Amino acid sequence: MSYSIAEAARRSGLSIDTLRYYERIKLLDPPARDAAGRRAYSDEDLAWLEFLTKLRTTGMPIKMMREYAQLRSAGDAGAGRRRAILVEQRRSVADRIAELQACMDVLNYKITNYDRICADIPGATGVVREEISA
């Protein structure tokens, strides 16, 4: 299956400009071209874009993503370094999750405190109750 740049953008959630940028900085191999010379993205291209998007969501810098992409195109020879990059990024994500959990704990504490205060005020309004999934 092949997809136009507009369809690849829609399916990947990235803009057309981002797709072209990723190609220009060599994060994405140039896609095949159709008979009219237009980019024709494959399912494999879309899977790679999905992975790149996950890496960006984790906060991986573009520079590190470029190194990973370069190692990927080198095949199995770069597997050890690719693994090391992912392990390093996983550590960074775990640290960020711990930081966010500490922030969540503070927010939960403050909300519980305000719930108690508002419960003691006769006629207090404007308190929004919501379930927090832990």
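These questions and answers cover the fold, the surface and one residue of a predicted model.

User: In what order do the elements of the chain run from the N terminus on?
Analyst: The chain holds 5 helices and 3 strands. Listed from the N terminus on, they run β-α-α-β-β-α-α-α.

User: Is the chain compact or spread out, judged by its radius of gyration?
Analyst: For 134 residues the globule rule gives 14 Å. The radius of gyration is well over that, at 23 Å, so the chain is more spread out than a compact globule. Along the principal axes, its C-alpha trace spans about 75 × 35 × 20 Å.

User: What share of the residues in the chain is buried?
Analyst: Buried means under 20% relative accessible area. Among the 134 residues in the chain, the buried share is 23%.

User: How far apart are the mean positions of the positive and negative charges?
Analyst: The chain carries 22 positive and 19 negative charges. Their mean positions are separated by 5 Å.

User: Is Thr57 buried or exposed?
Analyst: Thr57 lies in helix α3, which covers residues 43-57. Its relative accessible area is 66%. The cut-off for exposed is over 50%, so Thr57 counts as exposed.

Conventions:
Residues numbered from 1 in each chain as written. Predicted model: local features only at pLDDT ≥ 70, side-chain atom pairs only at ≥ 80, totals over all residues. Heavy atoms only, no water. Helix = DSSP H or I, 4+ residues; strand = E, 2+ residues; numbered from the N terminus. Rg over C-alpha atoms; globule rule 2.2 N^0.38 Å. Buried < 20%, exposed > 50% of the residue type's maximum accessible area, 1.4 Å probe, protein only. Lys, Arg positive; Asp, Glu negative; His and termini not counted. Charge placed at Lys NZ, Arg CZ, Asp CG, Glu CD.
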